[in-house]
Amino acid sequence: KNFPPGPPILPLLGSILELALDNPLQDFERLRKKYGNVYSLFLGTRPAVVISGLKNIKEALVTKGSDFSGRPQDMFVNDAIKTNGVIMQDYNLVWKEHRRFALTTMRNFGMGKTSMEDRIRGEIEYIVNTLEKNNGKTLSPHLMFHNAASNIICQVLFGTRYEYDDHFIREIVRCFTENAKISNGPWAMLYDSIPLVRYLPLPFKNAFKNVETAENLVKDLFVEHKKTRMSGDPRDFVDCYFDELDKRGKDRSSFSENMLTMYALDLHFAGTDTTSNTLLTGFLYLMNYPHIQERCHQEIDKVLQDNETVTYDARNQMPYMQAVIHEVQRVANTVPLSVFHCTTKDTEFMGYSIPKGTLIIPHLASVLKEEGQWKFPNEFNPDNFLNDDGEFVKPEAFMPFSTGPRVCLGEGLARMELFLIIVTLLRKFKFIWPEDAGEPDYTFIFGATLTPKPYRMKIQLRKVTCLAHIMNWSRTTLETEL
Ligand code: HEM
């Protein structure tokens, strides 16, 4: 009663036939135009409310944050991850304690401070090496960026990085890629809509096996950590968690080794595809808007001059670069439907009644292109983030990390990664759309995150202007020649 309007509901299927399974984003937009910024859908027998537009998303996720910050608990994805970890944890003490722990830990490790920067810069050296080896040639950057994002989060979690053919990382990536596909596909939909099928040996069982495989791999790492850790002198996130377990003694509240296993996998999953897909989108646009890339080069050269390292602080002197990176995130639209929320109690919203346990889909994509919020909603244009004086400004509608109590926990880390990687690479290289590549395709492959279609980029070392750069360039060029 008084539930938001929506398309007709079929028995068992609900309104699922309204959505194209391979990419429902256009359907979400079509339904928004027909039923308004707050409308309902039935995913099988499960009621859901889709919320679009800045005003409504803010009202739900911020103003009524405690009513709207739950997570659904009886879906395929919960059973697959056994409801440990933080991403799918309900709005409860376990979530609160673990979220606070991660934020404090990452801050102490330098979330916004130098040591986190060093971890990121260390990984950037590997990207630079790869690009230098390909000077004058073309390469496909997908694996390179994926590996870099994965390694940065591995450095934070486990204090180590991995070559891409390493068994550990290959298996983790395989498990998550397969599970992301199963979670977004028809088997998960069937699992969620018709509870009886859950007991049948259908392909979704593979997802449970994959989670077990990933858990066992991480548990092996914990064994190693326990052998070498020094209590009170943590090297990484896992050590910090063990210190926390020691500190809590018998009264561990929600902290446990099982929880850590899924938590580590959660953070790795959340921090890899998101960041790497944003980077891929960034370089796709920078190559095809050479005048924007050229302006980035000019600002970087002017601000950094012959400073050897790129620091995160330098962003405050680079309004244009900041605008470009934010614009990349706006068009990348990496997590278009956020992570699904759930109402924690019966609540009133925009004149509608929404019962406790209703699935909430924050349609972030609608805000990132909302008419009236942006100067150029449908263009790639850094002016969206610059005022008339050329200063960087961030409109309220910039919410690729979502908003409210559930806002992305890795936002600080992700922003630092994007700035350091993009600026360091643009400082050293020019990225060119290959002559034989045809027209660029800006459409995305739909999944838990949006991925740009595969592309190649041509690498050209820039004519270097400062001494530190010349020295560095000569050494690496010489090494390559040798
Ligand atoms: C460009 C990169 C990234 C984007 C666009 C992004 C976006 C998002 C979004 C939209 C959500 C859902 C928020 C909600 O439920 O309302 C989220 C949640 C989350 N993100 Fe990110 N993210 C990024 C990078 C990262 C990184 C690097 C980490 C790892 C440290 C991370 C960890 C998480 C976690 C743990 C959550 C769940 C938070 C909770 O449920 O309380 N993310 N992210």
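User: Where does Asn 288 sit?

Analyst: This is a predicted model, to start with. Asn 288 belongs to helix α12, which covers residues 257-288.

User: Why is Asn 288 called partly exposed?

Analyst: Count the C-beta atoms: Asn 288 has 18 others within 10 Å. Buried needs 20 or more and exposed needs 12 or fewer, so with 18 Asn 288 lands in between and gets called partly exposed.

User: What does Asn 288 touch beyond its sequence neighbours?

Analyst: Setting aside residues within four places in sequence, Asn 288 is in contact with Trp 433 and Pro 440. The cut-off for a contact is C-beta atoms within 7 Å. As for Pro 141, it is 147 residues from Asn 288 in sequence and 15 Å from it in space, C-alpha to C-alpha.

User: What makes Cys 408 count as buried?

Analyst: Cys 408 has 20 C-beta neighbours inside 10 Å. The threshold is 20 or more, so Cys 408 meets it and counts as buried. Cys 408 lies in the loop between α15 (364-368) and α16 (411-428), and, not counting residues up to four places away in sequence, it touches Phe 401 and Ser 402.

User: Which annotation covers Cys 408?

Analyst: An unreviewed UniProt entry puts the annotation "binding site" on Cys 408. In the model, Cys 408 is among the closest residues to the ligand, along with Ala 270, Gly 271, Ser 402 and Gly 410.

User: How many residues surround the ligand, and which helix gives the largest share?

Analyst: The shell has 26 residues, and α12 gives the largest share, with 7. Both α12 and α16 supply at least two residues each. Sorted by class, the shell holds 15 nonpolar, 8 polar and 3 charged residues.

User: How do you know that the span of α14 is close to what's expected?

Analyst: Helix α14 (residues 319-332) has 14 residues. The expected span is 1.5 Å times one less than the number of residues, which for α14 comes to 20 Å. From first C-alpha to last, α14 reaches 20 Å, so the value is close to the expected one.

User: What makes α14 mostly covered?

Analyst: In α14, 12 of the 14 residues are buried. Met 321, Gln 322, Ala 323 and Val 324 are among them, and so are His 326, Glu 327 and Arg 330. The buried residues of α14 pack against α12, α13 (290-304), α15 and α16.

User: Why is β7 described as largely enclosed?

Analyst: Strand β7 (residues 359-363) has 5 residues and 4 of them are buried, so β7 is largely enclosed by the rest of the structure.

User: What makes the pairing mixed in the sheet of 4 strands?

Analyst: That open sheet runs β1-β2-β7-β4 and its pairing is mixed; β1 (38-43) and β4 are the edge strands, each pairing on one side only. Look at the two partners of β7: β2 (residues 46-52) joins it in parallel through 5 bridges, while β4 (residues 341-342) pairs with it in the antiparallel sense over 2 bridges. Ile 360 in β7 shows both sides, standing opposite Val 49 and opposite His 341. Ala 48, in turn, stands opposite Leu 359 in β7.

Methods:
Residues are numbered from 1 along each chain as its sequence is written. This is a predicted model: local features need pLDDT of at least 70, side-chain atom pairs count only at pLDDT 80 or more; totals for chains, interfaces and linings use all residues. Two residues are in contact if their C-beta atoms, placed from the backbone, lie within 7 Å. UniProt positions are given in the numbering used here, feature names are shortened, and annotations may be inferred rather than shown by experiment. A residue is near a molecule or strand if its C-beta atom, placed from the backbone, lies within 6 Å of it. Ala, Val, Leu, Ile, Met, Phe, Trp, Tyr, Cys and Pro count as nonpolar, Asp, Glu, Lys and Arg as charged, and the others, Gly among them, as polar. Two strands pair if DSSP finds at least two bridges between them.
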